[in-house]
Amino acid sequence: MPRTARKQPLPLDQVRRYLEPGPVVLVSSCHAGERDVMVMGWHTIMEFSPSLIGCVIASGNHSHRLVRASRECVINLPTSDQIEAVLGVGSTTGAEIDKFEAFGLTPEQSSCVGAPSIRECHAQFECRLHDDSMVGRYDFFIWEVVAARVQARPRHPETLHYKGDGVFMVSGEVIRRRRQGLK
Ligand SMILES: Cc1cc2nc3c(=O)[nH]c(=O)nc-3n(C[C@H](O)[C@H](O)[C@H](O)COP(=O)(O)O)c2cc1C
């Protein structure tokens, strides 16, 4: 189909399907002896240094309460072969079950925050709350990554990317196009 083909109107609640961001992640948290993990499909890098990440953690989620109270979390990166755990974590609530146990995820001690890291994940980014000024209005949290660990191989793991309504993309071919001025 030519690039200039006529465009169809899109219902506004479907815009998210086309502006899909980075990989699906698992956000782990704990507060006052309670721990939880949720799936997050939408997040955005806001600054490189300090490393700032913005995201919505809906107030209906049990995790919202834990991260708001503790002001910490760990953003863990699962790979595509972990899709069953992702679906399980994303369709249940920690208010009712211990999702670490239910979905075979091992909580391990983090280095800088109280929230546990998930051993089975490819990467673990420990976060402290940087700015909560938009939480009341939009459930939008801005996190600063204060410690990060990643598996050395594979360099570009196959990750899941969420398009909504149960549709996922799997990351594919990596291409390099170096050019002066690119960051
Ligand atoms: C693929 C996927 C992506 C999701 N992305 C988000 C998100 O970005 N923000 C959010 O608040 N909830 C998101 N959710 C929903 C939560 O992960 C889900 O409500 C979870 O069960 C909450 O668990 P909790 O009550 O234990 O915190 C997503 C769910 C799935 C399956």
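Select Tyr-18 to begin: this residue is exposed, with a relative accessible area of 62%, where exposed means over 50%, buried under 20% and partly exposed in between, computed with a 1.4 Å probe and protein chains only. Tyr-18 sits in the segment before strand 1 (25–31), strands being DSSP runs of E with at least two residues and helices runs of H or I with at least four, both numbered from the N terminus. The model is predicted, so local features need pLDDT of at least 70 and side-chain atom pairs count only at pLDDT 80 or more, while totals for chains, interfaces and linings use all residues. Residues are numbered from 1 along each chain as its sequence is written, and side-chain values use heavy atoms, with hydrogens and water left out.

Turn next to the salt bridges, of which the structure holds 5, each defined as a side-chain nitrogen of Lys or Arg within 4 Å of a carboxyl oxygen of Asp or Glu.

Select Arg-16 and Asp-165, whose closest N and O atoms are 3.4 Å apart in a salt bridge. Arg-16 belongs to the segment before strand 1 and Asp-165 to the loop between strand 10 (160–164) and strand 11 (167–170), so this pair ties together parts 149 residues apart in sequence. Arg-16 is partly exposed at 31% relative accessible area, whereas Asp-165 is exposed at 52%.

Move on to Arg-35 and Asp-98, whose side chains meet in a salt bridge at 2.5 Å, N to O. Because Arg-35 lies in strand 2 (residues 34–40) and Asp-98 in the loop between helix 2 (83–90) and helix 3 (99–102), the pair ties together parts that are 63 residues apart in sequence. Arg-35 is partly exposed, at 31%, and Asp-98 is partly exposed, at 27%.

Finally, select Asp-132 and Arg-71, which form a salt bridge at 3.4 Å, N to O. The pair links distant parts of the chain, 61 residues apart, with Asp-132 in the loop between strand 8 (123–131) and helix 4 (135–138) and Arg-71 in the loop between helix 1 (62–70) and strand 5 (72–77).
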